[in-house]
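Visitor: Hi! I'm new to this one, could you walk me through it?
Guide: Happy to, here it is.

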Amino acid sequence: MEEQRLCDSEYRFMQIVWEHAPVGSGELVRLCREELGWKKSTTYTVIKKLSEKGYIANENAQVSVQIPREEVQARESNYFVERTFAGSLPGFLAAFLGRKRISEEEARKLKELIDAHRREG
């Protein structure tokens, strides 16, 4: 599947699907009305569009996830870092942290992540 990004409204919709899937399309209409203020037709349009993109499946009025949240978050994060910081992870972290202080626990967790993903050589 060609990698396609989600627009903001599609991502908000997927947050609901990830939280509730598998979910009946009627229930999804209700959830989108309550959480996003969408009309029934809008929800069904987005179901169709994201089914075509391969993010969800809609079979027998049941909507299920085809691409996990973590995979979409990784794609979106990579795209953001590439576009905004020319792929520089240190540049991203410096901008993200700004003048914030982090706890010893947060620093330890970040170091563990870095160590786990460090390239050999």
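We will go through the core, the pocket, the aromatic rings and some backbone details.

Visitor: What should I know before we start?
Guide: This is a predicted model, where local features need pLDDT of at least 70, side-chain atom pairs count only at pLDDT 80 or more, and totals for chains, interfaces and linings use all residues. Residues are numbered from 1 along each chain as its sequence is written, and side-chain values use heavy atoms, with hydrogens and water left out.

Visitor: Okay, which residues touch the most others in the largest nonpolar core?
Guide: Phe13, Met14, Leu28, Leu50, Tyr55, Ile56 and Val63 do, out of 19 residues in that core. A nonpolar core here is a set of buried Ala, Val, Leu, Ile, Met, Phe, Trp, Tyr and Cys residues joined through side-chain atoms within 4.5 Å. Buried means under 20% relative accessible area, exposed means over 50%, and partly exposed is in between (1.4 Å probe, protein chains only).

Visitor: And which elements give two or more residues to it?
Guide: Helix 1 (8-20), helix 2 (25-36) and helix 3 (40-53). Helix 1 gives the most, with 5 residues. Helices (H or I, at least four residues) and strands (E, at least two) are DSSP runs, numbered from the N terminus.

Visitor: What does Tyr55 touch?
Guide: Leaving out residues up to four places away in sequence, its contacts (heavy atoms within 4.5 Å) include Arg5, Met14, Leu50, Val65, Ile67 and Arg75.

Visitor: Switching topic: how much space lies in the largest pocket?
Guide: About 530 Å³. A pocket is found on a 1 Å grid over the protein atoms alone: it is an open set of points where a 1.4 Å probe fits, with protein on both sides within 12 Å along at least five of seven lines, and lining residues have an atom within 4 Å of a point. The volume is the space filled by probe spheres set on the points, which are joined across faces, edges and corners.

Visitor: What lines it?
Guide: There are 16 lining residues, and Leu89, Phe92, Leu93, Leu113 and Ile114 lie nearest the centre of the pocket. Helix 4 (69-85), helix 5 (89-97) and helix 6 (104-117) each give two or more residues to the lining, with the largest share, 5 residues, coming from helix 5.

Visitor: How many aromatic pairs are there?
Guide: The structure holds 6. Rings of Phe, Tyr and Trp (its six-membered ring) pair if their centres lie within 6.5 Å; planes under 30 degrees apart count as stacked, over 60 as edge-to-face and the rest as tilted. Phe80 and Phe85 are edge-to-face because their planes are at 70°, with ring centres 5.9 Å apart. Phe92 and Phe96 are stacked, at 5.8 Å centre to centre and 25° between the planes. These four, Phe80, Phe85, Phe92 and Phe96, form one aromatic cluster.

Visitor: How are Phe92 and Phe96 placed in helix 5?
Guide: They are 4 residues apart there, so about one helical turn separates them. Phe96 is partly exposed, at 48% relative accessible area.

Visitor: Last one: where is the cis peptide bond?
Guide: From Ala21 to Pro22, with omega near -5°. Pro22 sits in the loop between helix 1 and strand 1 (23-24). Most peptide bonds are trans, and most residues other than glycine have a negative phi. Ala86, in the loop between helix 4 and helix 5, has a positive phi of about 50°.

Visitor: Is Ala86 buried or exposed?
Guide: Ala86 is exposed, with a relative accessible area of 72%.
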